[in-house]
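Trainee: I would like to take a close look at one part of this model with you. Could you walk me through it step by step?

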Amino acid sequence: MSLHLSHLQAMLLFAVVISVAFGFLSRRPSMERLKYILWSLGLFLLIGIGIGWVMYPFSR
Amino acid sequence: MSEEAQGPIAEEAQAAAVDVIDPKRQKLALGIGFAGWMIPGLGHALQRMWGRAVACCLTVAALVFIGAGMRGNLFTSEGSDAFATLGYLADLGAGSFYFIAKALETNGPDVSRADGDYGTRFLAAAGVLNLLAALHAYEAARGRKA
């Protein structure tokens, strides 16, 4: 079995899976869960892409 | 006046009552925590928290499947340094899924490319996430979380 993902795809998958787990573990009503999942996913992506841009000048 | 005087004392007594847990319930909570660690989601399933049980099982399984698919490094007990030992502890957190990951990685790890490096993180995240879920199930069984 071999899976090839780009950096962005790997980050997106990781963010989605972890956000869903956090949402289900920490919130109870469905609406609260959904809000938390979206909030967590947004932060994951924002911070991940932000750190990527901060590191960009040192990449070469 | 008497209410004011008894207020803090009553609160302390209430807090102490919450801290004192029936030993039987404590043992049951430990069993539930252990079950949740061995089979992701089982700790919640035993408490009829179906949504959380399914979410824990599927998310840990997804992380293990992706991590093994990307040929991440699955640490063993024969680690040569502290990082390898910590990696092993993190990987072992996935419980029985650690062995599934091992079975899925028929070609062994390949960390010469970014894929394999990411895979290693996915596998470690699966273990740590499962430990968190098992701890949550344990706390719920003790009556501390809903």
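Of the 44 residues in the largest nonpolar core, which touch the most other members?

Mentor: Happy to. Please keep in mind that this is a predicted model. The residues of the largest nonpolar core that touch the most other members are A:Ala21, B:Leu63, B:Val64, B:Phe122 and B:Ala126, out of 44 in the core. Helix 7 of chain B gives the most, 13 residues.

An α-helix has 3.6 residues a turn, so residues three or four places apart point the same way.

From there, let us turn to the contact between the chains. On one side are 23 residues of chain B, and on the other 16 residues of chain A. The elements of chain B that give two or more residues to its side are helix 4 and helix 7, and helix 4 of chain B has the largest share, with 10 residues. Sorted by class, this side of chain B holds 16 nonpolar, 4 polar and 3 charged residues.

Chain A has 2 helices and 0 strands. With a radius of gyration of 14 Å, well over the 10 Å that the globule rule gives for 60 residues, chain A is more spread out than a compact globule. Its C-alpha trace spans about 45 × 35 × 10 Å along the principal axes, and 17% of the 60 residues in chain A are buried. Chain B comes to 7 helices and 0 strands, and 40% of its 146 residues count as buried. If you take the contacts in chain B between residues at least 6 apart in sequence, 72% of them join residues at least 24 apart.

Helix 5 of chain B deserves a look as well. The buried residues of helix 5 (residues 82-92) of chain B are B:Gly87, B:Ala90 and B:Asp91. Viewed down the axis of helix 5 of chain B, these buried residues fall within an arc of 95°, so they line one face of the helix. Their cover includes helix 6 and helix 7 of chain B.

B:Arg48 counts as exposed because it has 8 C-beta neighbours inside 10 Å. B:Arg71 has 27 other C-beta atoms within 10 Å, so B:Arg71 is buried.

Conventions
Residues are numbered from 1 along each chain as its sequence is written. Chains are lettered from A and ligands numbered from 1 in the order in which they are written. This is a predicted model: local features need pLDDT of at least 70, side-chain atom pairs count only at pLDDT 80 or more; totals for chains, interfaces and linings use all residues. A nonpolar core is a set of buried Ala, Val, Leu, Ile, Met, Phe, Trp, Tyr and Cys residues joined through C-beta atoms within 7 Å. A residue is buried if 20 or more other C-beta atoms lie within 10 Å of its own, exposed if 12 or fewer, and partly exposed in between; C-beta atoms are placed from the backbone. Helices (H or I, at least four residues) and strands (E, at least two) are DSSP runs, numbered from the N terminus. The arc is that of the directions from the helix axis to the C-beta atoms. Two residues are in contact if their C-beta atoms, placed from the backbone, lie within 7 Å. Ala, Val, Leu, Ile, Met, Phe, Trp, Tyr, Cys and Pro count as nonpolar, Asp, Glu, Lys and Arg as charged, and the others, Gly among them, as polar. The radius of gyration is taken over C-alpha atoms; the globule rule is 2.2 Å times the number of residues to the power 0.38.
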